[in-house]
Every structure is written in C-alpha cells, then in structure tokens.
Amino acid sequence: MRDHAVYPEILSQDLLEWYDRHARQMPWRVGPEARAAGMRPDPYRIWLSEVMLQQTTVAAVKDYFERFTRRWPTVSDLAAAADADVMAEWAGLGYYARARNLLKCARVVADDLKGVFPDTYEGLIALPGIGPYTAAAISAIAFDRPETVLDGNVERVMARLHDEHAPLPGVKPVLKDHAAHLTPAQRPGDYAQAVMDLGATICTPKSPACGICPWRTPCRARLNGTAAELPKKTPKKPKPTRHGFVYIARNHEGDWLMERRPDKGLLGGMLGWPGSDWNEAPTEAPPFEANWQDLGAEVRHTFTHFHLILQVRMAELPAGFNLSDGQEIVKRHDFRPSDLPTVMRKAFDLLHR
C-alpha cells in the first residue's frame, strides 16, 4: 500500500483521474474536458456561486444562480442594480448579509478595479464579503492557483483519510494542513473541485460509498472502521426559542403595508411585515390601532442561532394612513410573495390556508 504521507502527488493524481470521469455538471463550472481544451472559468460566475453556496446546498443554489446571471450577466451589471431588486432575487436563500456584501463587492470590482477581479488570494480577500475560504476557492477555481480550499466536504474527507478524531471546529488547522499537503501545483483548480465533489458524492456524511472511492486504499478511517463516526464535532448548545408578532395589513384596493428592515441584523435590508421584537416575552407592537384579528396559527422558523415562533395578526389598512420610517405601501400588482424572506412568506401563506 502506498502511504499518502509519502506519495501525496499520487493521491492527487488518483483523485484528478476520478474527477475527469465523474465531475458534477454545474452551471458555473467549466468541466475538466473543456478546461483541458483551453476554456477558462469566468471569475464573476465563480465568485457569485461561492457566495451563494455559503451555508447552502448546490441543489438550492442552481435556480438562484441562473436567475441572477440571466438578469445580471456581468459584475458591472450587478453593481448597477438597485439594492431592492437584488435583495428580492435573493429572497429565500437566507443569510441576507451575503446579499448586501455581494453588492458591496460588485461595486468595488466595477468601480475601483474596472470590472476585473483580482487573481490572487491576497487581492480577493481584501474585497468586501470575501473570507479565507471564498478567496482560496476563487483563486484556485477561477485562476488555477494552488490555494488550499477547506469547506465542510473537504474537512470530512481529510478527517477520514487521516483518521483524525479530535473534534471540529478545533481540529480545523490540522485538517487544513492535511489538505494543503495534497494540493497539487498542476491543475489546482480541478483538484479543488474534485475533493469537494468527493465529499459531496462519495465521502458523504452518512453511509459513505467507500467501495468506489478513489482513496479507499490509503484511507485510514476505512482501514480502522471509523469512517462513519468522522468528523467528530464539539456538541452544540441547544438553540433557544424566541417569540414575536407580525402584522399583515392591506387596504380596500389590495395594497399591502410592509416594512424594510435595517441593513444590519437578521433579514437586513429585506422587505417584510411590520412586527415586534423577537425575544422570550415580546410586547405587541401593531403599526396602527385597529381590531387586529389573530389568525390562530403560528409561524415556526429556525435561524442559525435560535428557533422563532411568530403570532400572526391581520387588519384592514385605514385610508390616509401615514407611513413611518421604513414602512412602504406595496401595490397589489407589484407584490410577489417570492420576494419575501422565508419566515415572512410563511406568515403570508397562513392567510391562504
């Protein structure tokens, strides 16, 4: 058996040969055959896909990516877009700070860099909203630089390949060292995508397909029978539950009273229903005095750090209502439930049960 500590270049080559046969097709990806023929990825599309993929699955992102690139085919097109239009297209993807940073980054690239993305890790990480993982992924995939890409899939592959039992997140630096040791100088962009594909399709969290893995022979966790229990994670604290109220109002013409949330914080910059604070014992805070009707149903939603339960109230918007800061009247012909963040759309859906 060849020891991966001695022959990292052989392991990398084995994985690249597997990737050449089994690479996933994605709308932002230039496949290995096309890349070998000289086609190069568009840095804008790689950047956009990587930002969208943070905390989200490939399946969830594909439709969003295709809509974005049809509407804004270049970084300059995106930079010129209205904030509200971009936030509406992003609705449902979650982690809305990503959308705000997306616009900031697009405008820096378009205005300060003449529409050209930096081709180095150092240049990329200086841009708004681009952290270490994203900078490494773009520089490797778009520019074929030998940067070490470490996402959840790669962490799992490295933990199993080396049979690392120390828990995440503390073991991340060790796993990154392992990943760096295997990153080749030749075809680093294909390799970065190959190791992520391996984790996504073969070295999966549950029931890994070890029998068809190109690294089955040197994988120490497979040899030791520990693959299914890796990577280990430090137990998370239980999520708290917060409560709140939302108020849905429309006038006799069918126009809706809505509220744009502050740029900072959860759902920042998104349009939704007026509501109360979210905490353990919220106080009702209707946007106007009325006979608010309790719909008798709850919205339940889970964010990264807490669960949320919302009570939904509904009333008719009075004629001549004076808008407060952040409030807007959305005409019925302009209203699209799909533009709402998921938690607000759930509240709207309760009206039609």
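Glu-89 touches Tyr-64, Arg-67, Phe-68, Arg-71 and Trp-72, leaving out residues up to four places away in sequence; contact means heavy atoms within 4.5 Å. This is a predicted model, in which local features need pLDDT of at least 70, side-chain atom pairs count only at pLDDT 80 or more, and totals for chains, interfaces and linings use all residues. Residues are numbered from 1 along each chain as its sequence is written, and side-chain values use heavy atoms, with hydrogens and water left out.

**Glu-89**
- Glu-89 sits in helix α6, residues 83-90. Helices (H or I, at least four residues) and strands (E, at least two) are DSSP runs, numbered from the N terminus.
- Glu-89 counts as buried because its relative accessibility is 11%. The cut-off for buried is under 20% relative accessible area, with exposed over 50% and partly exposed in between (1.4 Å probe, protein chains only).
- Its side chain makes a polar contact with the side chain of Arg-71 at 2.9 Å. The Glu-89 side chain makes another with the side chain of Arg-67, at 3.3 Å.
- A polar contact is a pair of N or O atoms within 3.5 Å; within protein, one must be able to donate a hydrogen and the other to accept it, and residues adjacent in sequence count only if both atoms are side-chain atoms.

**Gln-193**
- Gln-193 lies in helix α12, which spans 188-201.
- Gln-193 counts as buried because its relative accessibility is 3%.
- Beyond its neighbours within four places in sequence, Gln-193 is in contact with Tyr-19, Arg-29, Arg-35 and Ile-141.
- A polar atom of the Gln-193 side chain lies 3.1 Å from the backbone oxygen of Gly-189.
- Gln-193 and Ala-140 are 53 residues apart in sequence, yet 9.0 Å apart in space, C-alpha to C-alpha.

**Cavities**
- The whole structure holds 2 cavities of 30 Å³ or more. On a 1 Å grid over the protein atoms alone, a cavity is a set of points where a 1.4 Å probe fits but cannot get out, and a pocket is an open set with protein on both sides within 12 Å along at least five of seven lines; lining residues have an atom within 4 Å of a point.
- The largest cavity has about 120 Å³ of space. Of its 15 lining residues, Arg-160, Cys-203, Cys-213, Trp-215 and Cys-219 are the closest to its centre.
- Helix α10 (residues 152-161) gives the most to the lining of the largest cavity, with 3 residues.
- The lining of the largest cavity has 12 nonpolar, no polar and 3 charged residues. Ala, Val, Leu, Ile, Met, Phe, Trp, Tyr, Cys and Pro count as nonpolar, Asp, Glu, Lys and Arg as charged, and the others, Gly among them, as polar.
- The second largest cavity has a volume of about 60 Å³. Its lining includes Glu-147, Met-158 and Tyr-191.
- α12 gives the most to the lining of the second largest cavity, with 4 residues.

**Pockets**
- The largest pocket has about 1,700 Å³ of space. Its lining has 49 residues, with Gln-55, Asp-151, Gly-152, Asn-153 and Glu-155 nearest its centre.
- By class, 22 nonpolar, 13 polar and 14 charged residues line the largest pocket.
- The second largest pocket has a volume of about 390 Å³. Among its 19 lining residues, Gly-94, Tyr-95, Leu-266, Phe-303 and Thr-304 lie nearest its centre.

Conventions: Grid points are joined across faces, edges and corners, and a volume is the space filled by probe spheres set on the points.
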